[in-house]
Amino acid sequence: MRVLVLHGPNLNLLGEREPEVYGRATLEDIDARIGERARHLGAEVRTFQSNHEGALVDRLHAERRWANGVLFNPAALTHYAWSLRDAIAAVSLPCIEVHLSEVSRREPWRHLSVLAEVRAAVCAGRGIDSYLEALELLLEIAPGPDRDAEGTAGLIGERLAHPEDRAVVARALAEIVRRSGRFRWVGLHDVTRDSVEVRGWAGPGPPAHLRFARTEGLTGAAVASGAPVIVQDVRGDARHLPMVEGTRAEAIFPVVGPAGVVGALEVESANAQAFTPQRLRWLERCVEALRPFWRAPAS
């Protein structure tokens with residue numbers, strides 16, 4: 001994975017410029033931390049800083065065939081430099097917008113981002129960690145799924161065509177979704193009148209709750225509404241019922257039968273904002289393919 005990191009105007013003065021807002025770390029410190037984390041994750045990075053809009057566009061153009069994705073902190077250019085928006089759209093690389101401060105809580109003029117329509121996500125308000133979180137998120141989402149939605153649906157159909165113990169089938173289906181979509185943890189749940197039961201899971205460890213009330217957690221919210229619940233950062237949602245340690249983003253897709261919700265697909269990521277529109281469409285197709293699982297008699 002090759003990542004282009006772009007820094008906009010005035011970031012060359014980090015460490016001395018408004019440290020109460022941007023911190024004491026210099027741009028050299030930030031680039032060093034990004035490089036260190038990238039090496040640990042098996043990625044290669046190139047960094048570039050400029051105070052000039054055109055220079056940032058030129059670098060995007062020049063690196064478009066080398067890079068697989070972009071981390072971009074346009075700084076003040078975020079709010080009015082529409083050529084940057086067009087450049088990101090033109091190179092067709094997944095882009096994560098990065099800010100050291102939480103721009104959404106600052107002056108109103110900072111709330112507009114020209115990249116809003118073309119970025120995959122935004123990581124802001126955590127200083128250097130904004131860049132590091134953005135890097136890990138980019139490495140998860142940029143390659144796309146290992147298998148496209150139709151190919152994954154085909155695998156699911158093949159597995160469902162050979163029924164056996166439902167727990168065994170559920171574990172196999174969860175693993176298909178997890179591996180094909182490059183997610184951290186996936187669970188298939190049965191939903192009864194009173195409870196939610198984890199029928200099968202795939203990931204780094206077993207769920208902390210194999211059974212819980214159907215009103216609990218984000219799953220409870222999805223069951224109550226009959227609609228998907230997508231939380232891009234569970235740290236800010238009191239409804240979150242932790243299933244595995246380290247989850248940052250969670251998506252719940254309820255499966256509705258004639259008598260109400262009968263099941264749910266739960267998908268978790270270690271990275272906030274991991275559920276891009278493309279990945280959600282992919283998961284929706286998987287849910288359609290999984291529906292026959294909940295038509296089988298419960299065991």
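Start by selecting Gln273, which counts as partly exposed at 23% relative accessibility (buried is under 20% relative accessible area, exposed over 50%, and partly exposed in between, with a 1.4 Å probe and protein chains only). Before moving on, note that this is a predicted model, where local features need pLDDT of at least 70, side-chain atom pairs count only at pLDDT 80 or more, and totals for chains, interfaces and linings use all residues. Residues are numbered from 1 along each chain as its sequence is written, and side-chain values use heavy atoms, leaving out hydrogens and water.

Stay on Gln273: this residue sits in the loop between β11 (260-269) and α9 (277-290). Helices (H or I, at least four residues) and strands (E, at least two) are DSSP runs numbered from the N terminus. What is the phi of Gln273 near? Phi is near 65°, a positive value in a residue other than glycine. Most residues other than glycine have a negative phi.

Next, pick Arg182, in the loop between α7 and β6 (185-191). Arg182 is not a glycine either, yet has a positive phi of about 60°. Arg182 is partly exposed, with a relative accessible area of 28%.

Now show helix α6 (residues 149-160) and helix α7 (residues 166-181), whose axes come within 10 Å and cross at roughly 170°. The axes are lines fitted to C-alpha atoms over the stretch in contact, with angles from 0 to 180 degrees between N-to-C directions. α6 and α7 are therefore roughly antiparallel to each other (an angle over 145 degrees).

Notes. Angles under 35 degrees count as roughly parallel, over 145 as roughly antiparallel, 65 to 115 as roughly perpendicular and the rest as oblique.
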